[in-house]
Amino acid sequence: MPTRVYSCALIGLDGVIVEVEVDRGRSPGGMVIVGLPDASVQESRERVSSALRNSGFSMPRPRLTVNLAPAAVRKAGPVYDLPIALGVLMATGQLAPDLLDDALVVGELALDGRVRHVRGALPIAAAARAHGFRRLFLPAEDAPQAALIPDLEVYPVPTLADLVAHLQGLRPLQPHPPVDLSELPPPRGQVDMADIKGQEHAKRALEIAAAGGHNLLMVGPPGAGKTLLARALAGILPRMTVEEALDVTRIYSVADKLPPDTPLITWRPFRAPHHTISHAGLVGGGNWPQPGEISLAHRGVLFLDELPEFSPRVLEVLRQPMEDKVVTISRAQGSVTYPANFMLVAAMNPCPCGHYGDPVHACTCSPSAIHRYRRRISGPLLDRIDLHVEVPRVDYEKLGDHRRGEPSAVIQERVEAARARQRRRFQGTPLTSNADMGPREIEAYCRLDVAGEHLMQQAARQMGLTARGYHRVLKVARTIADLEGSEAIQAHHLAEALQYRTRWEV
Ligand SMILES: Nc1ncnc2c1ncn2[C@@H]1O[C@H](COP(=O)(O)OP(=O)(O)OP(=O)(O)O)[C@@H](O)[C@H]1O
Ligand SMILES: [Mg+2]
């Protein structure tokens, strides 16, 4: 009779249950692994044999057939080492065959029998619970992550021998205590808004962006503080809900990018990839498609500093995920979809020399050079940016001023309150913020009064507002009203929103 141990494969962000069957033949012949394993799984044979021998077990001579089922699911990586080793022990009579029927087992084996880290512990634990498993055995360092999933006994396994002793009732392992997922901590930025002098207009734009989840572009001369402002944004973002935190953590778990000792990502991500980033690095890719920066920025901020330096081809691929909030990566073996609902924050100079429009420094660029420079940012991309803000140089007097501005924590509370209104508004829908609104929701939630209608008509005439520009202004005005705690959009909300429309109307 073949023996069976349950394990788990990762397809995108989902765990898929895999049965590891081991059958003992009569003739000698070593171990064969079948069931769509890739090269990395084939290497399990050597690791499992060594780990068994070095843990004091015997590696039998007869042929062992290891089948990973279902065969239709591609298996990759070393996660099956530990379940294969247990299957071999059962098939060869060194361990009773029925000790693991309610358990899921994952882990890479070192040659001396230690159990090594695997990626994706969180989705693996979620799959275990969803399929009714009671226990999960996994590498000790991955247990804190798995313990985020309730109603599952999570056992950290230091070595193969420890797990066998536990199963035999000789030396019980202690399950990891369940993690209490109550309130998450408030956000923190690398820079506090209070330390940035002046720039009230830009700070206000950042507050609106954070409150409504709006994309934002900052344009200004070198040294004006654009990068500084973006870094301060992280500290005024709304807290994540526990569900959002689990969502984000799942992506980091699969990408194997969780910082050490951080089982749960509790702050909204702030990703600032360099402009030399590749297409695959940004949207995701690889043989086994891994999440890219846009997915690592899910529920947080993707900051593209020096926007025109990014290759136009790389920027163009942002358009689809910015619309759909997900990205699908297709490969011969099938396609995977990763979430990518991020806030885009970009910064750039107004022209190649950086001083266009600066009252102090003369710009040395020719009009055609400025045109070429700006054309690197395509119309459709600009069109997805709700807030366009100019960040001028700060005067010396202001920089020398020692009075502190408003601290991030105070701004963050206003942002939080505005988000709470939006959560109530969009309850029961997939929308999380005003920026997510489509034409239908704009119609429903962005009604204008007579004064507002009048102002909009005037603006449309004078500023040549396009239909898309019109919707953008309404969404921003909705957020400004939410920041003020007003259910109605009033004329002064609209008037402020109109200031943030893009200067290069597309
Ligand atoms: N408003 C400000 N308050 C305090 N310090 C500032 C301010 N603006 C700029 N600085 C100082 O100037 C430095 C440069 O600012 P920053 O890097 O943000 O400029 P930038 O606008 O991103 O410029 P570039 O276009 O060259 O990237 C900051 O590290 C900070 O020390
Ligand atoms: Mg900068």
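## Domain interface

About 1500 Å² is buried between domain 1 and domain 2, and carbon and sulfur atoms give 68% of that area. The model is predicted. The domain assignment places domain 1 at residues 3–167 and domain 2 at residues 193–403. Taken over C-alpha atoms, the centres of domain 1 and domain 2 are 41 Å apart. In the contact between them, 18 residues of domain 1 touch 16 residues of domain 2.

## Polar and charged pairs across the interface

The rule finds one salt bridge across the interface of domain 1 and domain 2. Asp14 and Arg250 form a salt bridge in which the closest N and O atoms are 3.7 Å apart.

On the side of domain 1 that touches domain 2, β1 (3–11), α4 (121–130) and α5 (143–146) each supply at least two residues. The largest share of that side, four residues, comes from α4. By class, the residues of this side of domain 1 are 10 nonpolar, four polar and four charged.

## Helix α4

Helix α4 is largely enclosed by the rest of the structure, because eight of its 10 residues are buried. The buried residues are Ala121, Leu122, Pro123, Ile124, Ala125, Ala126, Ala127 and Ala128. The elements that cover them include β1, β2 (14–28), β5 (103–105), β8 (135–139), α5 and α9 (242–255). Gly132 follows α4 and has a positive phi, near 80°.

## Helix α3

Helix α3 (residues 81–91) has 11 of its 11 residues buried, so α3 is largely enclosed by the rest of the structure. Among the buried residues are Asp81, Pro83, Gly87 and Met90. Just after α3, Gly93 takes a positive phi of about 75°.

## Salt bridges in the whole structure

Side chains of opposite charge can pair when their charged atoms come close. A search of the whole structure finds 29 salt bridges. In one of them, the side chains of Arg134 and Asp102 meet at 3.0 Å, N to O. Arg134 lies in the loop between α4 and β8 and Asp102 in the loop between α3 and β5, so this pair ties together parts that are 32 residues apart in sequence. Arg134 is partly exposed, with a relative accessible area of 45%. Asp102 also counts as partly exposed, at 22% relative accessibility.

Arg134 also meets Glu153 in a salt bridge, at 3.1 Å from N to O. This pair links distant parts of the chain, with Glu153 in strand β9 (residues 153–157) and Arg134 in the loop between α4 and β8, 19 residues apart. Glu153 is partly exposed, with a relative accessibility of 27%.

## A further pair and a network

The side chains of Arg384 and Glu323 form a salt bridge at 3.4 Å, N to O. Arg384 is in the loop between α15 (379–382) and β18 (387–390), and Glu323 is in helix α13 (residues 319–324); the pair links distant parts of the chain, 61 residues apart. Elsewhere, salt bridges that share partners join Arg204, Glu207, Glu406, Arg414 and Glu496 into one network.

Conventions:
Residues numbered from 1 in each chain as written. Chains lettered and ligands numbered in written order. Predicted model: local features only at pLDDT ≥ 70, side-chain atom pairs only at ≥ 80, totals over all residues. Heavy atoms only, no water. Domains from an automatic or database assignment. Contact = heavy atoms within 4.5 Å. Buried area = accessible area lost by both parts, 1.4 Å probe. Salt bridge = Lys/Arg side-chain N within 4 Å of Asp/Glu carboxyl O. Nonpolar A, V, L, I, M, F, W, Y, C, P; charged D, E, K, R; others polar. Buried < 20%, exposed > 50% of the residue type's maximum accessible area, 1.4 Å probe, protein only.
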